[in-house]
Amino acid sequence: MFIDRCKIEVRSGKGGDGAIAFRHEKYVANGGPSGGNGGRGGSIIFKTDKTINSLFNFRHSKAFIASDGEKGDIKNRYGKNAADVIVKVPVGTVVLDAETNELLFDLGKEDMEAVVVKGGRGGRGNAAFKSDRNRVPRIAENGLPGITKKLILELKLIADVGLVGMPSVGKSTLLSIISEAKPEIADYPFTTLSPNLGVVNHGNYDSFVVADLPGLIEDAHKGKGLGLEFLRHVERCKVIIHLVSMEEGNDPVKSYKIINEELKKYDPRLIKRPTIVVATKMDEDGADERRIKFIKAIKKKVIGISALTNDGVDELLNACILELSRAETPKIKDYLNVKEKVYDATKEEAIFTIVKEKPHQYRILGDKVLRTYSLINISTDEGLLRLLTYLRKIGVDDELEKKGVLEGDTIYLGDFAFEYIK
């Protein structure tokens, strides 16, 4: 089964907590602090694999979860780093943030890797906090939490040339002639239910890849037929071959206009892509006359081919090579309806903000302050004092005063709550 779009969840591992420990050994003088650091949490890494040509493996695997790092231990022993989770995806996979529709990664090359969510850093043990001013630190850091994201994966096949046209126009037959691909061929519409790829070798030109896309019909851009499901695979193609049948009973001009209109409605930029118009089934009676009328109507060069006699196939391949030699590789982000995050280096992001949730209840928000809070182990008095000192240092007390906080009001920071005392 060919699957080219799916939604998954990824979760990286939490870093291991640092340890609070002291050496009390018989023959070790002045043992001091010996709490080791925690290990790093596992990351989720996507890696492209050319042997995979579909997102079928994600049909049932909807969540990928990495392990947490191990906690630090006594005698300065570090916690073990968790193993990363390697997820293999087909070449041409695009990774989007499911909530913001932001383009995160375009995995368009072989053996390409991307760290989708990074594992949390391990916390430092109390041995790391020893100094001349604090020889017996009773503080340690928690490991940073892992990251959870919901992602959309879209496969946009990597092909140099895309074959488009109405059903039963001869796309699969052409692909079988010019490459070693073995697509299903039959005398009825929608024989091709998923894209097929074929590698073409012709003349002295390096091989190029051709994609046979399922037949389009009118209103394909609205989801009618199979068009909308596979039109996304045209986006990566440098050159489009538009096949039009010259068989009796078919109106070539109407068919040509329908396909062009569907491409335009899906994305107007596709119409500007280098396109070779091909008249197929030229071995049928009256095909030459219909081709001449067709050329006069669209006022473009049309290459006639016959799958029965292979006439015109070399001319078509030569035209492909010529177009490929001067065509530019499409930038896939330009063909995605995605948002790009813009960073302004001239503006400094606030460390925190304070919002009033309910009467006498306030919450401290901000990625920076929450990250620092998640690191501090507040299970000891020294750790709690360290957190409160940090909040006072960055100006939380002053901001609370501006908000009109009263003594005894509850202040929330993540899952931590404390009463405000002047």
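**View 1. The loop holding His 360.** His 360 sits in the loop that runs between β15 (353-358) and β16 (361-365). Helices (H or I, at least four residues) and strands (E, at least two) are DSSP runs, numbered from the N terminus. This is a predicted model, in which local features need pLDDT of at least 70, side-chain atom pairs count only at pLDDT 80 or more, and totals for chains, interfaces and linings use all residues. Residues are numbered from 1 along each chain as its sequence is written, and side-chain values use heavy atoms, with hydrogens and water left out. The phi of His 360 is positive, about 70 degrees, although the residue is not a glycine. With 46% relative accessibility, His 360 counts as partly exposed; buried means under 20% relative accessible area, exposed over 50%, and partly exposed in between (1.4 Å probe, protein chains only).

**View 2. The loop holding Lys 299.** Lys 299 belongs to the loop between α4 and β14 (302-304). Its phi is near 55 degrees, a positive value in a residue other than glycine. Lys 299 counts as exposed, at 74% relative accessibility.

**View 3. Helix α3 and what covers it.** The 15 residues of α3 should span 21 Å at 1.5 Å a residue, and the end C-alpha atoms are 21 Å apart, which agrees; the expected span is 1.5 Å times one less than the number of residues in the helix. Pro 252, Ser 255, Tyr 256, Ile 258, Ile 259, Glu 262 and Leu 263 are the buried residues of α3. They cover an arc of only 160 degrees around the axis, so they lie on the same side of α3. The arc is that of the directions from the helix axis to the C-beta atoms. Lys 254 and Lys 257 are exposed on the other side of α3. The cover over the buried residues of α3 includes β9, β12, β13 and α4.

**View 4. Tyr 256 and Phe 294.** The structure holds four aromatic pairs. In one of them, the ring centres of Tyr 256 and Phe 294 are 5.7 Å apart and the planes stand at 80 degrees, so the pair is edge-to-face. Rings of Phe, Tyr and Trp (its six-membered ring) pair if their centres lie within 6.5 Å; planes under 30 degrees apart count as stacked, over 60 as edge-to-face and the rest as tilted. Because Tyr 256 lies in helix α3 (residues 252-266) and Phe 294 in helix α4 (residues 287-298), the pair ties together parts that are 38 residues apart in sequence. Tyr 256 is buried at 8% relative accessibility, and Phe 294 is buried at 1%.

**View 5. Tyr 373 and Phe 416.** Tyr 373 and Phe 416 form a stacked aromatic pair, 6.2 Å centre to centre with 25 degrees between the planes. The pair links distant parts of the chain, 43 residues apart: Tyr 373 is in helix α6 (residues 367-375) and Phe 416 in strand β18 (residues 416-419). Both residues are buried. Together with Phe 418, Tyr 373 and Phe 416 form one aromatic cluster.

**View 6. His 242 in strand β12.** His 242 lies in strand β12 and counts as buried, at 1% relative accessibility. Not counting residues up to four places away in sequence, the residues that His 242 touches include Ser 255, Tyr 256, Ile 259 and Asn 260, and also Thr 275, Ile 276, Val 277 and Val 278. Contact means heavy atoms within 4.5 Å.

**View 7. The largest nonpolar core.** A nonpolar core is a set of buried Ala, Val, Leu, Ile, Met, Phe, Trp, Tyr and Cys residues joined through side-chain atoms within 4.5 Å. The largest one has 24 residues, of which Val 161, Phe 208, Val 210, Ile 241, Ile 276 and Leu 316 touch the most other members. At least two residues of this core come from each of β9 (161-165), α1 (171-178), β11 (205-212), β12 (239-245), β13 (275-280) and α5 (313-326). With seven residues, α5 gives the most to this core.

**View 8. Val 85 in strand β4.** Val 85 is found in strand β4 (residues 85-89) and is partly exposed, with a relative accessible area of 23%. Its C-alpha atom is separated by 8.5 Å from that of Phe 46, 39 residues apart along the chain. Leaving aside neighbours within four places in sequence, Val 85 is in contact with Ser 43, Ile 44, Ile 45, Ile 65 and Ala 66.
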